[in-house]
Amino acid sequence: MTYYGGKSLRRYTVSNNSFSNIPARIDRLGELAENLWWSWNPQARMLFKMLDRQAWKDSGHNPDRMLKSLPRDALIWASRDRNYLRHYDLVLSQFDAEAYPGDYLGSPIAYFSAEYGLHHSLPFYAGGLGFLAGDHLKECSDMGVPLVAVGFMYPSGYLQQTVDNHGWQQGLTQTVDRESASINQILDTEGNQIVVQVPHIRPVLRAALWKVAVGRVSLLLMDTEIEDNPPWIRDIAKQLYTSDKEQRLLQEIILGLGGYTVLKEMEVAPSLLHLNEGHPAFALLEAIRGLMQQGLSFDTARERVRGSSLLTTHTPVPAGHDIFPEEMVEKYFAPYREALGLDRETFLELGRHPEHPQAGFNMTVLALNLTGKCNAVSRRHGEVTRQMWQPLWPDRNPEEVPVGHVTNGVHLPTWLEPKMRLLFHRYFSDGWIKEQENPAVWEFVEEIPDFELWRNHFWLKIKLLNYIRQLARRDWTMRRSADLLPALGTMLDPSVLTIGFARRFAMYKRADLVLRDPDRIKRLVNDNWRPVQIIFAGKAHPADDEGKRLLQSVVRMAQDPEMNGRIAFVENYNEQLAQYMVHGVDVWLNTPKPPLEASGTSGMKAAINGVPNLSIPDGWWLEGATPTNGWTIDSRAEEGSDQETRDNLDAAELYRLIEQDLIPAYYTTSEDGVPHDWTRIMKESIKSVAPHFSARRMIKDYLRFVYGTEGHGR
Ligand SMILES: *Cc1c(COP(=O)(O)O)cnc(C)c1O
């Protein structure tokens with residue numbers, strides 16, 4: 001594998017995941033399995049599936065694991081099958097064209113993030129922030145934008161969730177199987193895994209390097225679970241977003257300072273540092289220190305770094321902004337700040353909020369102080385962010401605060417269901433996926449007969465319900481307890497109007513808003529002719545008892561016989577379940593408390609698959625809603641009104657929409673059984689959202705407004 005970095009391209013090797021049983025004619029299957037490009041290319045996925053459908057399913061759609069378990073016979077068969085070989089040759093030629101490091105000689109953008117959501121076999125994510133990072137990398141690969149990403153290998157991922165019979169969330173220990181995922185050690189010339197040491201920090205912190213190939217983009221992951229570290233250090237990064245403050249600080253020290261060291265080790269000379277949220281902000285210090293080693297003063301180096309770095313901020317919610325006690329920061333940073341030539345006060349001042357200097361060392365403040373550009377993730381979030389951080393620019397009005405926005409988008413090839421994609425293929429003009437941000441391309445949705453669109457959607461809905469039942473069955477046979485079974489979705493019915501709600505169980509997302517009036521919801525789910533069913537999924541942060549109580553109240557409702565088995569809570573929301581849900585429910589519900597939803601992306605994933613949104617006017621939906629592509633829950637509640645009043649008003653408007661708009665549109669069908677009013681909304685949803693809320697449009701915006709065109713892009 002080649003890493004780009006200035007003109008001194010230097011060769012590194014990665015550990016060869018041995019697939020010794022693959023016949024020579026098809027031996028590049030191993031290489032294909034080791035690059036996540038396969039995950040967003042339906043034909044590449046088919047190549048694995050064709051080998052053995054059952055083994056593909058058993059592996060959890062993980063080709064690395066599958067290839068290692070497959071009997072040689074199956075592979076020999078494939079290597080002699082003409083049809084298989086035709087597919088193989090085609091996919092490999094596409095792979096060579098789309099997934100190989102190009103000949104960029106310019107310096108890449110270095111992207112830093114605490115989490116990456118790429119595939120469920122790499123559980124290094126908690127929610128939207130991670131998926132945004134993952135989609136960012138995939139789209140940069142597709143567009144040929146030179147980018148190298150840095151992050152963490154969390155040996156225990158985030159949280160493997162189950163709920164007990166009382167509806168209380170439990171975390172199971174999960175261990176990432178490094179051997180059976182698209183992930184490889186980075187080796188030096190002697191064949192040893194490369195280990196970096198975080199500079200000037202006591203105690204000594206070391207991390208070994210792994211690589212995830214994301215098409216053309218390399219994601220470099222640091223792993224502290226190595227023998228070179230003393231036992232208590234090994235566990236520092238066991239889990240993403242640990243609630244232990246000190247451990248969290250150490251994680252962020254490694255992410256920032258260690259991450260920057262990784263770039264140096266790989267001889268990557270970045271043209272730009274892009275921080276995805278404040279967690280990796282220490283990287284900016286290390287960039288400054290690097291320039292100081294070349295003879296610059298702190299102030300000059302700081303200005304230089306400001307000119308070549310940017311922060312994307314993702315949330316107005318306080319828990320998204322880490323604050324550490326100053327003594328704790330000083331304890332670890334004393335030798336480091338001396339290397340920067342800074343005294344204690346000057347250093348700590350970099351992380352002090354001007355209005356709350358006592359609060360501690362704020363990572364977002366640090367990032368804002370040292371980066372030249374900052375962007376929010378939707379238009380509304382831009383306004384909220386300028387207001388929120390105005391104190392850092394005391395002589396400016398909020399609207400003059402230098403924070404812009406790039407509205408989030410989703411990676412189309414990842415989130416568009418393959419059958420939907422095939423359907424579009426049949427009716428769209430050639431090359432439509434390459435022109436995906438052109439609205440004219442999507443007008444061809446109008447050519448799809450309602451009947452065909454509906455049949456496709458119905459098939460995806462059945463697929464979702466089958467998947468949920470399969471999960472429930474496995475759960476039941478393992479736990480042998482039936483108490484929870486009705487709540488897990490075993491009684492869901494594909495003919496019923498199905499509302500989906502899945503995201504993190506953070507309080508501001510108000511998962512229980514739709515259940516706020518139990519009598520009203522009972523009537524809706526018990527209607528004989530035109531019932532409604534609701535599928536919930538999502539995790540509460542392990543330290544968030546309030547979130548867990550919220551989750552419990554949803555599970556309790558689902559367990560209540562009076563709810564008729566029509567409310568379901570599906571455990572362990574992850575990338576795989578998200579795929580099934582955004583493809584298969586009828587409508588996607590989002591009920592955040594404004595203005596706290598910075599953007600939200602799951603609604604975009606649903607919309608491009610013909611699943612319309614039913615959403616509070618907040619985040620991306622303020623830009624995405626049209627009068628005909630879904631429903632806006634606009635109760636006209638005042639933004640400052642108290643929680644109780646707001647919730648009541650929003651819930652009342654939500655029920656009104658379900659009863660008066662959604663139910664009639666869904667249940668009024670023509671003789672062929674097609675609800676034409678509904679398919680109209682599905683079509684509007686696809687064509688209004690797909691061209692404007694794709695990662696393609698997002699990356700183009702970053703190139704244009706944030707990265708600058710100098711030296712980047714095609
Ligand atoms: C897209 C996605 C999210 C983010 O959803 P929001 O609606 O933006 O909160 C979270 N988790 C998973 C698994 C996702 O796929």
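Guide: Let us start with a loop. H200 is found in the loop between β9 and β10, and the model in which it is seen is a predicted one. Although H200 is not a glycine, its phi is positive, at about 55°.

Visitor: Which peptide bond is cis, with omega near -5°?

Guide: The bond from R202 to P203 is the cis one. P203 lies in the loop between β9 (195-197) and β10 (206-214), where H200 is also found. A cis peptide bond also joins P594 and P595, with omega about 0°. P595 belongs to the loop between β21 (587-590) and α23 (602-608).

Visitor: How is the packing of two helices to be described?

Guide: Two packed helices are described by the angle between their axes and by the distance between those axes. Here, helix α2 (residues 42-51) and helix α6 (residues 82-98) have axes that come within 9 Å and cross at roughly 150°. The crossing of α2 and α6 is left-handed.

Visitor: Which residues of α2 and α6 make the contact?

Guide: On the α2 side they are Q43, A44, L47, M50 and L51. On the α6 side they are N83, Y84, H87, Y88, L90, V91 and Q94.

Visitor: What is often given as the size of an interface?

Guide: The chain is divided into domain 1 (17-99), domain 2 (374-409 + 694-714) and domain 3 (412-635 + 676-692). Between them, domain 1 and domain 3 bury about 480 Å², 51% of it on carbon and sulfur atoms. Six residues of domain 1 are in contact with seven residues of domain 3, while the C-alpha centres of the two domains lie 32 Å apart.

Visitor: How many salt bridges are counted between domain 1 and domain 3?

Guide: The count between domain 1 and domain 3 is zero, whereas the structure holds 42 salt bridges.

Visitor: Where do E303 and R306 stand in helix α11?

Guide: E303 and R306 are three residues apart in helix α11 (residues 298-306), and therefore about one helical turn separates them.

Technical notes. Residues numbered from 1 in each chain as written. Predicted model: local features only at pLDDT ≥ 70, side-chain atom pairs only at ≥ 80, totals over all residues. Heavy atoms only, no water. Axes fitted to C-alpha atoms, helices over the stretch in contact; angles between N-to-C directions. Helix = DSSP H or I, 4+ residues; strand = E, 2+ residues; numbered from the N terminus. Left-handed = near helix turned anticlockwise from the far one by under 90°. Contact = heavy atoms within 4.5 Å. Domains from an automatic or database assignment. Buried area = accessible area lost by both parts, 1.4 Å probe. Salt bridge = Lys/Arg side-chain N within 4 Å of Asp/Glu carboxyl O.
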